Each structure stands twice: as C-alpha cells, then as structure tokens.
Amino acid sequence: MDSEMQEKCGVFGVFNHPKAADLTYYGLHALQHRGQESAGIVASNGESFRHHRGMGLVTQVFSREILDGLTGNMAIGHVRYSTSGASLLQNAQPLVFKYSEGDLAVAHNGNLVNANIERKVLQQQGAIFQTTTDTEIIAHLIARSSKKYFNQAGPEVLKRIDGSFALLIMTEKQMLVALDRHGLRPLSLGKIGDSIVAASETCALNAVDAKFWRDVEPGEWLLIDDKGIQTGRFAEKGEVSLCSFEFVYFARPDSVIHGRSVLAIRKELGQILAKEHPAPADVVVAVPESSVPAAMGYAQQSGIPYEMGIIKNPYAGRSFIEPTQELRDLAVRLKLSAVREILEDKRVVLIDDSIVRGTTSKRIVQLIRQAGAKEVHVRISSPMVKNPCFYGVDMPTKDELFANKHEHERKMGEVIGADSLAFLSTEGLLEAVDVDLADTSSRCIACFSGAYPTKLYLK
Ligand code: AMP
Ligand code: SF4
C-alpha cells in the first residue's frame with residue numbers, strides 16, 4: 001500500500017444553515033485531533049461553490065475574512081493528517097471538481113482498499129488524476145457513472161468502492177452522506193432546528209450546539225436537499241466492524257460512538273488492564289494526554305493513586321523532525337516534562353494506550369528514570385499492534401511495528417528500559433468495547449489480530 005494513502009481524517013458538513021461555513025469551522029476545530037496537516041471548507045449558495053483549503057491547523061488556515069467569503073447555506077469541511085511524503089496542498093480536502101452536471105466536492109475519512117485497482121481501470125479509460133489520494137477516485141466514478149443525475153450516480157458509486165469511508169459529497173444543491181458497509185469509521189448526524197449536521201464524532205456536534213440525531217448506519221446513504229432527506233442502502237445490513245482503535249486512542253474522549261462513551265471505555269480498558277496485569281507500584285502515571293482515562297481506570301481498580309507525573313506543554317506543536325539524536329531528545333523535553341516531586345524514589349506504573357513503533361514509551365521511561373524513579377512498570381491499555389491498518393489509521397509497515405521486532409514482552413520491556421511491560425489481552429479489549437465475545441466481527445481488531453474485515457486487494 002502506498003503510505004500516502006494512509007490518512008486519518010475528520011469530516012464535518014452542514015445543510016440549511018445561514019452560517020454554514022462558520023459552523024463547519026467550529027466543527028473542524030473540534031475534530032482537529034483527527035488531522036493537523038491540512039484543513040478545508042467548501043460552501044455552496046445553491047448556484048456555485050466557494051472554497052478554501054490550506055496546510056496547517058484549522059485556526060491557521062482560516063481567518064474571519066476567508067470565512068466571510070465562504071457564503072451559502074450548506075458546507076462541508078475536512079481536516080487531514082497523512083504520513084510523510086504526502087504533505088501536499090493538492091491532497092488537502094475537500095476535493096473540488098467540475099463535471100458535466102456541475103460542481104462536486106468530496107470530503108472523505110478512511111481509506112479505499114480497492115483504490116489501486118479502480119485507479120488503474122480509470123487511467124486505462126483516460127482519466128487524469130490531479131492528486132495522489134484515493135478520494136479522487138470517487139469523483140471520477142461519479143463523473144463517469146451511467147446514471148446522469150447525482151441523486152442516482154452518487155449512491156450507485158458507493159457500491160464500487162470498498163474499505164473504509166465516512167463520506168460527505170456535495171453538489172451545488174445536494175449533500176450525500178454515506179458510511180462504508182462495515183462501519184469502520186464513526187459518522188454521526190445532528191440537528192440544529194431545521195438544519196442537518198454530519199460529523200466524524202459527536203464532540204463536533206456538541207461544538208456547534210447540534211442535538212445528536214443518530215449514527216449513520218454501515219452501508220447507508222442519505223441524500224439531503226430542499227425536498228428533504230432521502231435514505232437508502234448500497235449494501236445489505238451486515239456485520240459491523242467499527243475500528244476499536246477509535247476507542248483506544250483516536251477519538252476524543254468526550255465523543256459517543258455507537259452509544260458508548262469513549263471516556264468510559266478508556267477507563268474500563270485501564271480497569272481491565274489492572275486486573276490482568278497488576279504492578280508492584282506506589283503511583284500510576286499516564287503518558288499525556290490520550291492515556292489519562294486508562295491511567296485513571298487502572299488507579300481506580302488497583303487502589304494505587306493516580307498522579308500527574310508527566311506534564312505536557314500545551315503550546316508544544318507537532319513534533320518536528322530533528323537531524324540528530326541529541327536534538328530529538330531535547331525536542332521530547334519541549335513537549336513533556338517529568339515531575340521530580342512525584343516520581344523520585346517511587347515505583348511507577350506508567351500507562352500508555354498503545355505501542356506502535358516503541359519510540360514514545362522508550363523516551364518516557366527514560367524521562368521518568370531521570371526524575372529519580374526507582375522502578376518503572378509499563379502497562380499498555382491495548383494489545384500488541386502487529387499488523388498495519390488499511391482503513392485510514394496511520395500505522396507504519398509490518399516490519400517497523402515494535403511488537404514484530406522483538407519476540408516476547410520481556411525482551412520488549414528491556415528495549416524500552418522498563419522493569420516490566422505488559423499489554424492488555426484481546427479479550428480484555430473486546431470486553432471493554434462491549435461486544436459479544438462469540439462475535440468478534442462486530443469490532444475491527446485487525447491491527448492486533450490480523451483478521452481484516454474486508455478483502456485487501458494486495459495482489
Ligand atoms: P509509538 O511511539 O510509535 O510507539 O506510538 C505510540 C504512541 O503514539 C502512543 O502514546 C499513542 O498515544 C500514540 N499513537 C498511537 N497510534 C497513533 C497513530 N496512529 N498516530 C499517532 N500517534 C499514535
Ligand atoms: Fe482500527 Fe486497527 Fe481496524 Fe485499522 S486495523 S480500522 S486501526 S482496529
């Protein structure tokens with residue numbers, strides 16, 4: 001798979017609101033954790049589009065003046081994160097196209113597993129691609145559909161794409177909202193009076209004071225226009241495979257996915273971890289900030305007090321790539337600092353939500369030891385990540401994954417410099433994300449188990 005196709009993103013859309021672009025700005029701001037590389041908004045006044053996209057955070061990309069220019073009562077927006085190499089403005093979304101029926105804008109969170117195949121077919125037919133994202137394929141398929149009008153072409157095209165997609169597609173007058181047949185990514189709907197809002201996570205509905213209406217169902221599409229809301233399915237109701245990593249790390253803790261609070265699940269992950277892997281410790285410390293709820297859960301269950309042993313500087317931006325190890329280590333200190341008063345002479349249990357490459361844990365264990373800790377026991381509130389994600393969460397290749405580089409937990413613990421290391425079991429993860437253990441297909445756990453819910457089309 002092309003690394004630049006692996007992107008984790010957030011989408012937000014508003015239909016029928018006089019301040020559609022402003023609301024989209026606020027919604028994207030609440031989804032900023034899903035992507036910090038680029039942001040974009042496309043608004044429609046019913047006749048034509050106004051759009052703006054840029055590299056950076058939502059607040060850096062948009063000014064009051066730019067938002068005032070995005071007139072119209074419907075809008076869709078996108079925040080994007082991609083791995084290195086694809087840091088291009090042309091890949092920033094929503095993508096905007098002109099085709100025979102008018103204007104088209106596409107905002108996509110996820111990854112199409114059959115993108116390479118569809119792209120090749122389209123190129124053989126003469127299609128010229130403007131971007132390297134899989135999302136552009138959707139626009140080409142709509143433009144080339146045998147169905148003339150968007151209200152038929154849009155839903156029809158969804159049958160041809162496979163993988164993960166939480167999708168917002170807009171024409172001058174209509175908005176199509178759709179979720180892949182497996183429900184891999186979250187996508188929720190809300191209402192503000194007569195206005196409809198769609199968002200990757202419910203935290204963005206809250207940000208614009210929209211009332212939660214419902215989640216989009218896997219395999220479902222909604223077409224929203226002046227006549228009302230039409231719904232249909234492009235795939236039969238099947239097994240749901242919502243990404244369990246959304247609960248482990250990715251989603252914001254104040255979001256609710258499929259009726260379950262992300263915060264509550266993260267705490268439960270910590271509680272189960274404490275039952276499975278107790279540690280002889282005086283204090284529980286979290287890798288800030290994503291692991292704080294799991295650390296609280298671990299503390300509750302174990303009776304060991306939770307302390308803020310590591311502080312994150314909220315003004316430290318994204319970690320930047322430094323040329324030497326010495327500078328890289330200093331860069332970590334810009335972001336995180338250990339609190340000596342809490343850690344000195346203590347046996348510490350350090351909670352992290354996941355180990356991917358192993359870089360974070362190693363550096364933090366070092367930081368904690370330098371602050372005088374006597375022992376450091378690392379506990380991870382998810383199982384070992386052993387397989388890459390093909391559904392839009394940024395993960396390295398199989399060989400680069402920490403869990404594949406070392407044979408067993410003891411060796412891994414030594415490598416990160418911990419006195420002990422243990423991971424949550426797959427059963428523990430499934431227990432917390434609340435699924436019937438006999439039916440593991442109702443959550444995707446492929447990066448842990450290797451059982452992918454879709455075909456991968458890897459040749
Ligand atoms: P690593 O340092 O590569 O082992 O990454 C693990 C750390 O990064 C954990 O502290 C997680 O909170 C965080 N993390 C996990 N998955 C991802 C991801 N897909 N993108 C960015 N950070 C992640
Ligand atoms: Fe989520 Fe992992 Fe499945 Fe990817 S492979 S969708 S990260 S559970």
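## Close-up views of a predicted model

**View 1. The crossing of H4 and H5 is left-handed, the near helix being turned anticlockwise from the far one by less than a right angle.** This is a predicted model, in which local features need pLDDT of at least 70 and side-chain atom pairs count only at pLDDT 80 or more, while totals for chains, interfaces and linings use all residues. Residues are numbered from 1 along each chain as its sequence is written, and side-chain values use heavy atoms, without hydrogens and water. Helices (DSSP runs of H or I, at least four residues) and strands (E, at least two) are numbered from the N terminus. Helix H4 (residues 115–124) packs against helix H5 (residues 135–143) at an angle of about 45 degrees, with the axes 10 Å apart. H4 is therefore oblique to H5, as angles count when they are not under 35 degrees (roughly parallel), over 145 (roughly antiparallel) or 65 to 115 (roughly perpendicular). Axes are lines fitted to C-alpha atoms, for helices over the stretch in contact, and angles run from 0 to 180 degrees between N-to-C directions.

**View 2. Residues of H4 and H5 form the contact.** Contact means heavy atoms within 4.5 Å. H4 contributes Ala115, Glu118, Arg119 and Leu122, and H5 contributes Ile137, His140 and Leu141.

**View 3. Four strands form an open sheet with parallel pairing, in the order S17-S20-S21-S22.** Strands pair if DSSP finds at least two bridges between them. The edge strands, S17 (283–286) and S22 (420–423), each pair on one side only. From one strand to the next, the twist averages 20 degrees.

**View 4. Helix H10 (residues 292–302) lies across S17, S20 and strand S21 (375–380).** H10 runs at about 165 degrees to S17.

Conventions: Chains lettered and ligands numbered in written order.
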